[in-house]
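Subject: Structure for you to look at

Dear colleague,

Here is the structure I promised to pass on, and below it are my notes on what turned up in it. Please read them with the model open beside you.

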Amino acid sequence: MSTDGGLGLVILGRQGSGKGTQALRLAERYGVVHISTGDMLRAAVAEGSPLGLRARTIMDAGDLVPDDIMCEIVADRLERDDVVTHGFLLDGFPRTLAQAEALVEVAGDAIDLAINLDVPVDEVTRRMVARGRADDTPDAIARRLSLYEEQTEPLLAWFDDRGRLAVVDGIGSETDVFGRLCAAIESLHAAADEA
Ligand code: AMP
């Protein structure tokens, strides 16, 4: 796929980094479609669809839904007209190298930038304990964080090697962090204008 003019963005960051909140604001600011794989899975669970039934126990344990399922869901979503017209912000995908490779196959050049919203482990743990969501049991939190280090952190080097990574400090007020994220995206525009 390619987008007609909209940006193709990926936001990476540990659970509890504020990624979801910032992703919504960024999608609105830049007019791109927010694609949250966590939201898509939670909707499937709420509907009780076959995918939802399968995903539920995996999500409750803090594990990852298998790559083949995730890649298919995202590939289908990226093909839809709204994404092709307006561009996208992927939130929660890719989470593994296999997913990143599948993404490049379907979206290739459409990815302009991956942003790592950086918040250290002790700070995200504190935030997750404080928000008290039903799937935020201490075991599930620990499991998700260790999976992040193992499976998702290698993607930072992967995007960096491709000249597509920006790191943004996620500590501070929501507005300050949003400002930093916008600056990272706009420096991309500036670089493109110079080229
Ligand atoms: P999130 O809202 O992004 O934190 O996702 C909530 C849960 O959905 C995760 O803990 C995973 O179990 C599952 N999930 C979301 N996105 C993915 C993905 N790209 N690959 C595998 N599992 C995912």
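A crossing of two helices is called left-handed if the near helix is turned anticlockwise from the far one by less than a right angle, and right-handed if clockwise. Helices here are DSSP runs of H or I with at least four residues, strands are runs of E with at least two, and both are numbered from the N terminus. Please bear in mind that this is a predicted model, in which local features need a pLDDT of at least 70 and side-chain atom pairs count only at pLDDT 80 or more, while totals for chains, interfaces and linings use all residues. Residues are numbered from 1 along each chain as its sequence is written, and side-chain values use heavy atoms, with hydrogens and water left out.

Helix packing

Two packed helices are described by the angle between their axes and the distance between the axes. The axes are lines fitted to C-alpha atoms, for helices over the stretch in contact, and the angles run from 0 to 180 degrees between N-to-C directions.

Helix H1 (residues 19–30) packs on helix H10 (residues 174–194) at an angle of about 50°, with the axes 10 Å apart, and the crossing is right-handed. H1 and H10 are therefore oblique to each other (under 35 degrees counts as roughly parallel, over 145 as roughly antiparallel, 65 to 115 as roughly perpendicular and the rest as oblique).

Helix H2 (residues 37–47) and helix H4 (residues 67–78) pack at about 105° with their axes 11 Å apart, which makes H2 roughly perpendicular to H4. Thr-37, Met-40 and Leu-41 of H2 meet Met-70, Ile-73, Val-74 and Arg-77 of H4. Met-40 counts as partly exposed at 27% relative accessibility (buried is under 20% relative accessible area, exposed over 50% and partly exposed in between, with a 1.4 Å probe and protein chains only). Met-40 and Ile-73 are 33 residues apart in sequence but 8.8 Å apart in space, C-alpha to C-alpha.

H2 also meets helix H3 (residues 50–60), where the axes come within 7 Å and cross at roughly 115°, and this crossing is left-handed.

Rings and charges

A search of the whole structure finds one aromatic pair. The rings of Trp-158 and Phe-159 have their centres 5.1 Å apart and their planes at 85°, so the pair is edge-to-face (rings of Phe, Tyr and Trp, its six-membered ring, pair if their centres lie within 6.5 Å; planes under 30 degrees apart are stacked, over 60 edge-to-face and the rest tilted). Both Trp-158 and Phe-159 are buried, and the charged end of Arg-162 sits over the ring of Trp-158, 3.8 Å from its centre.

Around Thr-152

Thr-152 belongs to helix H8 (residues 138–152) and is buried, with a relative accessible area of 4%. Not counting residues up to four places away in sequence, Thr-152 touches Leu-12, Pro-94, Arg-95 and Leu-147. Pro-94 lies in the loop between strand S3 (88–91) and helix H6 (97–107), and the peptide bond from Phe-93 to Pro-94 is cis, with omega near 0°.

Methods:
Lys NZ or Arg CZ within 6 Å of the ring centre and 35° of its normal. Contact = heavy atoms within 4.5 Å.
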